[in-house]
Amino acid sequence: MKKILVVDDEEKIRSIIRKYGEFEGYEVSEACDGMDAITKVKENGDYDVIIMDVMMPELDGFSACSEIKKLKDIPVIMLSARGEEYDRIHGFEAGVDDYVVKPFSPKELMMRVNVVTSRTRAEESSADIFRYEGLEINFTARTVSIDGKRVDMSPKEYELLFYLVRNKNIALEREKLITEVWGYDYYGDDRTLDTHIKLLRNSLGEYRKLLVTLRGVGYRFEA
């Protein structure tokens, strides 16, 4: 079931959106302000879309959207009582995917939600993505995420991981890995490979177990 997080300090607005969202088959969660929304994304970041009001206590919608986008790229539809061009531009700069001006039609809002979630699913299906439990590797975007949080790696770490994953469950000799990742003309110390494997394991955290050392041979990515 697709999930919506509704963020608004007005309980009546949250109740209306919940009613229409559940009618459309969504699982709807609520947050009363921007800080509450960030907490919920940290605790349960698998929302398909967030509907968020601009003007809220504690933290406004634009600021909350920016912080949430740092945690996970969840589509955000912003609600606002104002429709000035500046607000729209500011919203899109903050990472907002769509903008709805209050008062709004709940039916139109759900149509926009369906469009955003359909577009996101289409983008994911067209992208080259590997998933294993909470680990997600997007070859097209060259990103690695663990439990929805982006993992920063060096270019060579990315290349090494991508090659290992594309050849998962295959025993790869050290020479093969060095040739494919560093190039045929690489004449450096082959301990460079071991160093990058160590760095890669540190970056993968709990998923380090997927990188298996084959003594006397090389390495294998098991998944």
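Residues are numbered from 1 along each chain as its sequence is written, and side-chain values use heavy atoms, with hydrogens and water left out. In this predicted model, local features need pLDDT of at least 70 and side-chain atom pairs count only at pLDDT 80 or more, while totals for chains, interfaces and linings use all residues.

## Overall make-up

The protein has eight helices and 12 strands. Both are DSSP runs numbered from the N terminus: helices are H or I with at least four residues, strands are E with at least two. Of its 223 residues, 43% count as buried. Buried means under 20% relative accessible area, exposed means over 50%, and partly exposed is in between (1.4 Å probe, protein chains only). The accessible surface of the protein is about 12,200 Å², and carbon and sulfur atoms hold 48% of that. These areas come from the Shrake-Rupley method with a 1.4 Å probe; for residues, only the protein chains shown count as cover.

Contact means heavy atoms within 4.5 Å. Among contacts in the protein with a separation of 6 or more, 57% link residues 24 or more positions apart.

## Helix packing

Axes are lines fitted to C-alpha atoms, for helices over the stretch in contact, and angles run from 0 to 180 degrees between N-to-C directions.

| Helix pair | Angle | Axis separation |
|---|---|---|
| α2 and α3 | about 10° | 9 Å |
| α6 and α8 | roughly 85° | within 10 Å |
| α7 and α8 | about 80° | 10 Å |

Angles under 35 degrees count as roughly parallel, over 145 as roughly antiparallel, 65 to 115 as roughly perpendicular and the rest as oblique.

Take α2 (residues 34-43) and α3 (residues 61-71), which pack at about 10°. That angle makes α2 roughly parallel to α3. From α2, Gly34, Ala37, Ile38, Val41 and Lys42 take part; they meet Ala64, Glu67, Ile68 and Leu71 of α3. This contact has six nonpolar residues, one polar and two charged. Here Ala, Val, Leu, Ile, Met, Phe, Trp, Tyr, Cys and Pro count as nonpolar, Asp, Glu, Lys and Arg as charged, and the others, Gly among them, as polar.

Helix α6 (residues 155-166) crosses α8 (residues 191-204) at roughly 85°. The two are therefore roughly perpendicular. On the α6 side, the contact uses Lys156, Glu157, Leu160, Leu161 and Leu164; on the α8 side, it uses Leu193, His196, Ile197, Leu199, Leu200, Ser203 and Leu204. Eight of the contact residues are nonpolar, two polar and two charged.

The length of α6 also checks out. The expected span of a helix is 1.5 Å times one less than its number of residues. For the 12 residues of α6 this gives 16 Å, which agrees with the 16 Å between its end C-alpha atoms. The buried residues of α6 are Glu157, Tyr158, Leu160, Leu161, Phe162, Tyr163, Leu164 and Val165.

Helix α7 packs on α8 at about 80°. That makes α7 roughly perpendicular to α8. Arg174, Leu177, Ile178 and Trp182 of α7 touch Thr192, Leu193, Asp194 and His196 of α8. Four of these residues are nonpolar, two polar and two charged.

Val181 sits in α7 (residues 174-182). With 7% relative accessibility, Val181 counts as buried. Leaving out residues up to four places away in sequence, Val181 touches Lys156, Glu159, Leu160 and Tyr163. Val181 and Tyr163 are 18 residues apart along the chain, and their C-alpha atoms are separated by 7.5 Å.

## Loop residues

The peptide bond from Lys102 to Pro103 is cis, with omega near -10°. Pro103 belongs to the loop between β5 (98-101) and α5 (106-126).

Arg142 has a positive phi, near 55°, and is not a glycine. It lies in the loop between β7 (135-138) and β8 (143-146). At 38% relative accessibility, Arg142 is partly exposed.

Asn169 is another non-glycine residue with positive phi, near 65°. Its loop runs between α6 and β10 (172-173). Asn169 has 44% relative accessibility and counts as partly exposed.

Asn44 is in the loop between α2 and β3 (49-53). Its relative accessibility of 29% makes Asn44 partly exposed. Asn44 and Asp147 are 103 residues apart in sequence, yet 9.4 Å apart in space, C-alpha to C-alpha.
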